[in-house]
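Dear colleague,

Please find below the structure for your review.

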Amino acid sequence: SRSVKEISAITGVEVSTINRAEKKFEIIMSKIVPTNNHKTTDVSDLITRFVNCANIATKEFHVVKNIQVLYEHLKDEPELIGKTPHAITAGLVCYHLQTIKIKFDKKQLAQTFDISNVTLNKIVSQLNDIILRKNDGNDE
């Protein structure tokens, strides 16, 4: 599955135009097909592809697996709601690589994921806070 950003880059159509069309399509389809099993791009769809695209530890299967496990534990956290799959995936990759002390270029990682350095830093900071809270046993 491809994200809206990726489809936009491939087709040259603006993200906002694709989003508007998708919303209209959902309205039309909901009238035709009452149950909407609409699947969106999820972080778990992007982890393997983005780790490979970033050319980081591609021979290390455990890196991808650990990031996927981390995502499963954190995906319902309120701080991550509303964040794009690209941003969450970048944050998870960056957080995990820092944790296991694999050297990488954070700026290059942000470019690979097509997000700003500020966004990447903010997500990593939020992940740190969430994980500290969970480790302290103060999660709700």
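In this predicted model, glutamate 77 counts as buried, because its relative accessibility is 9% and the cut-off for burial is under 20%. Glutamate 77 forms a salt bridge with arginine 133, where the closest N and O atoms are 2.3 Å apart. That pair joins distant parts of the chain: arginine 133 belongs to helix 7, while glutamate 77 sits in the loop between helix 4 and helix 5, 56 residues apart. Glutamate 77 also meets lysine 134 in a salt bridge, at 3.3 Å from N to O. Lysine 134 likewise lies in helix 7, 57 residues from glutamate 77, and is partly exposed, with a relative accessible area of 27%. Together with Glu79, these residues make up a salt-bridge network of Glu77, Glu79, Arg133 and Lys134.

The whole structure contains five salt bridges. One of them pairs aspartate 114 with lysine 5, with 3.9 Å between the closest N and O atoms. Here the loop between helix 6 and helix 7, which holds aspartate 114, is linked to helix 1 (residues 4-11), which holds lysine 5; the two residues are 109 apart. Lysine 5 is partly exposed, at 32% relative accessible area.

Beyond its neighbours within four places in sequence, leucine 92 contacts Val43, Ile67, Leu70, Tyr71, Leu74 and Leu127.

Yours sincerely

How values were computed. Residues are numbered from 1 along each chain as its sequence is written. This is a predicted model: local features need pLDDT of at least 70, side-chain atom pairs count only at pLDDT 80 or more; totals for chains, interfaces and linings use all residues. Side-chain values use heavy atoms; hydrogens and water are left out. Contact means heavy atoms within 4.5 Å. A salt bridge is a side-chain nitrogen of Lys or Arg within 4 Å of a carboxyl oxygen of Asp or Glu. Helices (H or I, at least four residues) and strands (E, at least two) are DSSP runs, numbered from the N terminus. Buried means under 20% relative accessible area, exposed over 50%, partly exposed in between (1.4 Å probe, protein chains only).
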